[in-house]
Every structure is written in C-alpha cells, then in structure tokens.
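This report is a guided reading for someone meeting the structure for the first time. Please keep the sequence and the model in view while reading.

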Amino acid sequence: MRFSVLTAGAAALLAVATTAASAQTTLTIGTVNNSDMIRMQGLTPEFEKQHPDIKVNWVTLEENILRQRVTTDIATGGGQFDIMTIGTYEVPIWAKQGWLKPLDGLGDNYDMDDLIPAIRSALSSDGKLYAAPFYAESVLTLYRKDLFEKAGLTMPDKPTWDFIAEAAEKVTDKDAGVYGICLRGKPGWGENMAFLGNMAREFGANYFDADWKPQFESEGWKKAVSLYVDLMTKYGPPGAASNGFNENLQLFGQGKCGMWMDASVAASFVTDPKQSQVPDKVGFAAAPCGTENCPNDGFNWLWAWSLAIPDSSKKADAAQTFISWATSKEYLDLVASKEGWANVPPGTRTSLYKNSKYTEAAPFADATLNAIQHANPEPTADKPYYGLQFAAIPEFQGLGTAVGQQMAAALSGSTSVDQALKQSQAIATREMTRGGYIKN
Amino acid sequence: MARKVTTGRKIGTTIFAWFVGLVIFFPILWTFLTSFKTELQAISIPPVFVGFDWTLENYRTIQTQSNYFHFMANSIYLSLGSTALGLIFAIPAAWAMAFSPTRRTKDVLLWMLSTKMLPAVGVLIPIYLLFVRFGLLDSRLGLIVVLFLINLPILVWMLYTYFKEIPGEILEAARMDGASLSKEITQVLAPMAVPGIASTVLLNVILSWNEAFWTLNLTTSNAAPLTAFIASFSSPQGNFYAKLSAASMLAIAPILIVGWFSQKQLVRGLTFGAVK
C-alpha cells in the first residue's frame with residue numbers, strides 16, 4: 001500500500017515537473033558575430049525577465065557557416081533554429097520559396113510604420129513582412145578630415161568620382177604609409193562585388209538589363225572597373241585584392257587610408273576610440289557619383305541584418321515575441337540606457353533619427369539616414385530584380401563570386417580590365433541561360 | 001665507411017632543426033601572443049611582438065559571451081567516444097586482415113581508404129536527412145557515430161600496419177597452448193601492440209578533436225564542440241583577431257597538453273613499422 005502511495009506521489013511530482021518544463025519554451029537563435037548581435041545576446045536576460053516562460057539559446061557562427069547551416073536546415077525541415085539573422089539578399093528569395101514565416105504577430109505596440117520605408121520594403125514580399133530589421137546600412141564615403149585639410153581639399157557633400165580621383169592623388173603619401181583610397185578587393189558576392197555593383201550603378205549600369213542579359217560589357221561597368229583598378233593601383237594599399245571590409249576597417253583605423261567608401265556601419269567603428277587610432281579625424285560624405293544622372297544620388301547599397309523565423313520552427317509564437325522585443329523602440333532605449341546612444345543599432349527606425357540624444361552621440365547619424373533613405377532597391381523598368389549592390393536571385397551568389405574573382409584578378413594585374421569583364425560576361429551569360437532567365 | 005661527424009656539422013644541424021621547429025611552432029606562438037593583446041594592438045602595423053601591455057580582457061570577454069566548459073566537455077565526449085567505438089571495430093578487423101589475409105584483403109583495405117576521398121559536403125544532405133529522421137541532430141550520440149565512421153578507415157589501416165609487424169608464429173604458439181580467440185587477442189596480441197594502439201588512439205582523438213565540418217553542420221548548441229566555439233568568434237563586420245586567438249588558444253590547450261606528454265609515444269608509434 002505504502003509503495004503505491006509513494007509511486008503515485010512520485011508520478012504526480014513527475015507530472016508537475018514535466019508541465020513546468022514544457023511550459024517554458026526554449027528558442028534557438030542562429031546569428032553572426034557582429035557587435036550589435038553580441039550586445040543583443042548580452043541583453044537577453046532583460047527579455048527573459050519580462051517573459052519568464054521563454055528561454056533563449058544563442059548559436060553564434062561565422063557568416064558563411066551560418067548561411068550553409070541554416071540553408072541545409074530549412075531545406076531539409078530540420079527545425080534546429082527558431083530565429084536566424086539573415087540579410088536583404090536572402091529575404092525576398094526565401095520568402096518566395098515559402099521558407100520563412102510571415103511576421104504578423106509583432107504586437108500592437110510595434111509601430112511598423114516607424115520602420116524606415118526602404119528597409120521595410122526590402123524585407124516584405126506581397127505586402128507581408130518576412131523579417132524584422134535589426135540594423136541596416138547603406139554606403140558612405142569616409143575620409144580623413146586632417147589629411148584633407150593638409151592637402152587643401154574640401155570634401156563636397158556629394159562628391160564625384162573625378163573629385164575622388166584628384167583627392168586620392170593629393171592625399172597619398174606612400175612614404176608615410178598613407179594611401180589615398182582604400183576599397184574592397186577580396187573576391188565574393190558580398191565583398192568586392194557589393195562595392196563594384198554599387199560603383200557600376202554610380203556610372204549608370206546594372207547587373208542585368210530588362211531581359212536579364214548581363215551588363216558587364218556595358219559602358220558603365222567598363223568605366224567603373226577601369227577607374228577602380230586605376231585608382232587602386234596608383235593610390236591604393238598594396239595587396240588590395242585580399243582586402244575585404246574588415247581589412248579596410250583595420251587599415252583605416254590605423255590611419256593608413258585617406259578615403260574609404262564602404263558600408264555605413266563602418267562609421268561607428270572608426271569613430272570608436274577603442275577600435276580606431278583616428279576616432280575624431282573622420283568625416284562623412286555621400287557615396288561618389290559617376291555620371292550626372294547618377295541613380296539614387298550615389299546611394300546604391302542597402303543591406304539590413306534582420307531577424308526571421310524559418311518555416312520549420314515549431315515555436316513561431318514565442319519567436320515573434322522575441323523578434324518584436326529585439327527590434328522595438330524599447331530595445332533601442334534599453335541599449336542606450338546600458339551602453340550609451342552611440343551603440344544603438346542604426347538604420348531601422350525613423351524615430352531614432354528624430355531623437356536629439358542619438359544624433360548628438362552619433363556624428364554619422366544624418367549621413368547614414370540620408371544614405372538609407374535614398375537607396376531604393378525596388379525593381380525598375382530597366383532593372384528586373386530586387387536589390388542594388390546585389391541581385392536577389394538564387395543564382396547571384398555563385399555568379400557574383402565568380403565575377404568577383406575576375407575583378408580581383410584585374411585588380412592584382414594578372415588580367416586586363418577588358419579581359420576580366422569579357423570573361424565575367426561569359427560566366428554570367430552561361431549561368432543566366434542555365435537558370436532559364438535567358439531564353440535561346 | 002662511416003662519415004665523421006664534426007662539431008661544426010652538429011652545430012649546423014642543431015641550428016637548422018631549431019629553425020624548422022620555430023617556423024612550425026610560430027603560428028601557435030603568434031596566436032598565443034595575439035590572445036593577450038587588445039584588438040587595436042592585434043592589428044597594428046608594424047606588429048608588436050612582446051612589448052605590449054598584456055591583458056586578459058579577451059579571455060574574460062570570451063567567458064562571459066559563451067560557456068567554454070560546455071564546449072570542451074562535448075569535445076572530450078566526442079573524441080573519446082568515437083575512438084572507443086572505433087577500436088571495438090578496428091582491432092578485430094585489423095587482426096583478421098593481418099593474420100588471416102585472403103586474396104582480396106589488399107583490395108578491401110584500399111576500398112576502405114577510398115571512402116575518405118569523397119568530399120564530405122557531397123553527402124551532407126543525405127546524412128542531414130537521416131539525422132532529422134532519427135532525431136539525432138545536435139546530439140552527441142549522432143556525432144560520435146559519424147566521427148567513428150569517418151575515422152574508421154584510418155584506424156584499421158594504422159592498426160593493420162602495426163599488427164603486420166608482430167610475427168604470426170607467436171599467436172600460433174599461443175593457439176597451440178590452447179588460448180581461445182579472445183584470449184589470443186586480449187592477452188597476447190594487445191600487449192605487444194600497445195605502442196601501436198596508443199598512437200592510433202592518440203591520432204584518432206586529435207582527428208576527432210579537430211574535425212570541423214560535421215561538428216559544425218550537425219550541431220547547434222547541446223552537442224556543439226570546441227570547433228563551434230572557435231567559429232563563433234569570427235565576425236563579418238568588426239575586429240576580432242585578439243578574441244579569436246584567445247578562443248583558439250583555449251580550444252587547442254587540452255589537446256596540446258595531451259600531445260606534449262605523449263609525444264614520445266606518438267612519434268614511436270608513427271614510425272613503428274616504417275623502418276625494419
């Protein structure tokens with residue numbers, strides 16, 4: 001008798017324990033190791049305090065491994081991730097594939113209209129939001145105010161490439177280890193092609209025309225790549241073909257670069273005394289323009305690291321609760337109260353740029369907002385795809401990287417610009433024909 | 001006629017050996033030094049060698065950001081588990097091949113090795129689907145099986161070469177004395193093959209410890225070993241070399257220490273059978 005009472009008691013206890021355990025949902029979030037994401041990871045206890053029934057489990061991975069990991073998991077329905085950080089390249093493609101859950105339960109207080117329109121549109125498909133922006137970026141010209149002053153130059157608000165070429169020459173002082181211009185050279189669709197795709201648009205050229213025919217042999221690409229190779233050969237740092245964002249960030253932070261055109265998020269790094277030797281000598285201007293009818297005033301770059309829920313997740317409701325918290329106005333306030341306004345994730349909400357505390361703490365705020373607002377990634381009559389510095393089609397990753405290798409070869413001098421563009425055109429035409437975009 | 005070894009020659013060889021040793025060791029030394037620098041010092045040009053303010057900041061950051069011991073425990077489980085499982089299969093297989101070979105033994109050995117030639121990514125999706133079906137994703141058991149399978153050919157090959165060195169007559173004598181098969185393997189063969197088995201175990205532990213394709217693709221958090229720990233400190237936007245170096249030092253420390261203490265065994269085992 002006693003035995004059965006004990007057993008019953010134990011069973012009851014066990015039942016209580018299981019209910020308690022099952023009432024708590026554990027979310028697994030896959031993310032890249034960017035400082036804004038690490039900050040979010042650090043602030044998660046605040047979220048868990050507000051939502052005791054949700055526990056958050058972070059998986060931080062290197063960007064390429066994360067992409068491979070998440071793609072495999074979604075394609076096979078593995079369900080290992082409940083939330084992941086993806087970019088504006090993936091969102092339209094994955095939403096179309098049915099790989100993402102639409103975010104329709106972010107709550108009444110979310111204020112979706114506060115999201116910067118260009119970003120919101122970049123993350124929506126058929127009017128539904130498929131990912132919530134965590135931080136966003138466009139392209140800026142970063143330059144050294146002290147070196148410009150010494151050379152008697154004034155950076156215009158909207159520089160042209162002609163001016164940039166002149167300035168690069170004047171600022172370069174190779175004996176002192178100062179190079180006039182630093183640009184990305186490392187091959188990759190998200191590395192040198194992000195910059196070159198942007199630069200080609202500044203000369204009026206896209207990746208593909210309205211019939212999906214690759215445009216690498218067009219006038220715009222020729223002008224852009226010739227100028228790029230010319231400037232980098234004469235005034236760039238040595239070994240530029242292996243420099244990506246991080247390498248240039250280091251060079252600029254060490255005071256080796258006169259100018260650097262890259263993602264606007266670089267601004268917060270080079271003005272941080274902990275990470276840069278020139279924190280108070282950096283000026284910001286618009287990305288240069290190549291021709292008079294330069295589209296988007298030169299801002300041909302839009303990227304947003306965003307939080308999305310894979311279709312295979314079984315905890316979508318809890319995941320939306322977390323996303324709503326991490327991309328809310330309250331989260332921005334929370335970061336500001338703990339780490340200061342300069343560390344708030346930029347580029348997602350209009351209200352942030354109306355906040356004088358933020359604009360005072362972040363000297364790059366206006367330039368960033370201006371850049372993001374003027375970048376329009378929507379398809380147009382002569383550009384059938386979504387995106388500016390990339391084309392949001394699945395084939396672009398492979399194609400962009402193959403073309404990027406040609407560009408790196410041209411930069412390092414192992415092939416000519418004409419040859420590299422001809423080769424790129426051939427590679428792209430083959431891929432696009434294979435993909436069924438070009439009909440024979 | 002033996003060549004006369006002069007003192008000059010000895011000094012020359014010693015200096016050369018030290019030079020080669022330093023060249024090979026330098027990346028680890030550099031990682032070690034970098035792990036004590038700030039991010040700014042880590043990337044400074046010209047590089048600073050020792051004259052910087054040594055800081056433990058990176059190690060502290062790493063510890064607050066992720067739980068090192070969780071990853072290390074997984075690495076230990078995976079490498080020891082897969083090695084133990086591997087020995088259970090590899091010792092009998094190598095025994096059969098070494099002492100009662102058939103006409104096809106060489107072919108079987110080559111075929112086993114050929115499975116190592118397929119790029120791992122080629123079978124990622126099938127394996128992933130199997131893992132989904134059997135609920136093995138992010139589990140230590142699943143990874144132990146995968147690591148065991150990918151290292152099995154090497155285990156069998158290494159043990160086979162060691163066993164070949166042992167004269168079959170000794171085993172025959174044991175059999176004549178009435179030893180059963182299990183006694184023959186455990187009491188006669190194994191003690192004689194200890195150096196070989198030890199170095200096989202060590203090599204297999206190191207291979208499993210360093211395996212970074214399957215361990216990254218089949219785990220998320222519960223079963224993630226140190227490879228995932230290192231991978232989490234590389235950043236697409238921002239400086240990370242100092243933190244990454246600190247993470248790498250922590251990840252290789254256990255295996256480095258084990259390797260240090262057992263290097264004699266390892267070298268002896270690896271060259272065992274190479275020279276008759």
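## A strand pair and its sheet

In chain A, strand 7 (residues 139–144) and strand 9 (residues 257–263) pair in the antiparallel sense over 5 bridges, where strands (E, at least two residues) and helices (H or I, at least four) are DSSP runs numbered from the N terminus, and two strands pair if DSSP finds at least two bridges between them. Within this pairing, Leu140(A) stands opposite Asp262(A) of strand 9 of chain A. Strands of a sheet pair through backbone hydrogen bonds, either parallel or antiparallel.

Both strands belong to an open sheet of 4 strands in chain A, which has the order 8-9-7-10 and mixed pairing. Its edge strands are strand 8 (179–182) and strand 10 (282–285) of chain A, each of which pairs on one side only. Neighbouring strands of this sheet are turned by 20° against each other on average, direction ignored, with axes being lines fitted to C-alpha atoms (for helices over the stretch in contact) and angles running from 0 to 180 degrees between N-to-C directions.

## How the model is to be read

This is a predicted model, in which local features need pLDDT of at least 70 and side-chain atom pairs count only at pLDDT 80 or more, whereas totals for chains, interfaces and linings use all residues. Residues are numbered from 1 along each chain as its sequence is written, while chains are lettered from A and ligands numbered from 1 in the order in which they are written.

The predictor gives the complex an ipTM of 0.76 and a pTM of 0.83. Chain B averages a pLDDT of 87, and 95% of its residues score at least 70, pLDDT being the predictor's confidence in each residue, from 0 to 100. Confidence in chain B is lowest in helix 14 (residues 263–271) of chain B, with a mean of 69, and highest in helix 4 (residues 68–99) of chain B, at 93.

## Chain A as a whole

The secondary structure of chain A comes to 18 helices and 11 strands, and its C-alpha trace spans about 95 × 55 × 35 Å along the principal axes.

Chain A is divided into domain 1 (25–130 + 303–365) and domain 2 (139–301 + 378–434), with bounds that come from an automatic or database domain assignment. The C-alpha centres of these two domains of chain A lie 28 Å apart, and 9 residues of domain 1 are in contact with 14 residues of domain 2, contact meaning that the C-beta atoms of two residues, placed from the backbone, lie within 7 Å.

Strand 3 of chain A runs parallel to strand 1 (residues 25–32) of chain A, joined to it by 2 bridges, and Gly30(A) stands opposite Met84(A) of strand 3. Strand 3 of chain A also runs antiparallel to strand 11 of chain A, with 3 bridges between them, and there Ile86(A) has Ser306(A) as its bridge partner. In a regular strand the side chains alternate between the two faces of the sheet. In strand 3 of chain A, Ile83(A) and Thr85(A) point one way and Met84(A) and Ile86(A) the other, and all are buried; a residue is buried if 20 or more other C-beta atoms lie within 10 Å of its own, exposed if 12 or fewer, and partly exposed in between, with C-beta atoms placed from the backbone.

Which residues are buried in helix 4 (residues 90–97) of chain A? They are Glu90(A), Val91(A), Pro92(A), Trp94(A) and Ala95(A), and what covers them includes strand 3 (83–86), strand 4 (124–125) and strand 11 (303–308) of chain A. Helix 4 of chain A is followed by Gly98(A), whose phi is positive, near 80°.

## Two loop residues with positive phi

Asp126(A), a residue other than glycine, has a positive phi near 50° and is placed in the loop between strand 4 and strand 5 (128–129) of chain A. Asp126(A) counts as exposed because it has 8 C-beta neighbours inside 10 Å.

Trp212(A) is not a glycine either, yet its phi is positive, about 65°, and its place is the loop between helix 8 (192–202) and helix 9 (219–235) of chain A. Trp212(A) is buried, since 20 other C-beta atoms lie within 10 Å.

## Where the chains meet

The contact takes 27 residues from chain B and 27 residues from chain A. On the side of chain B that touches chain A, helix 2 (39–42), helix 6 (124–134) and helix 11 (214–217) of chain B each supply at least two residues, and helix 6 of chain B gives the most, with 5 residues.
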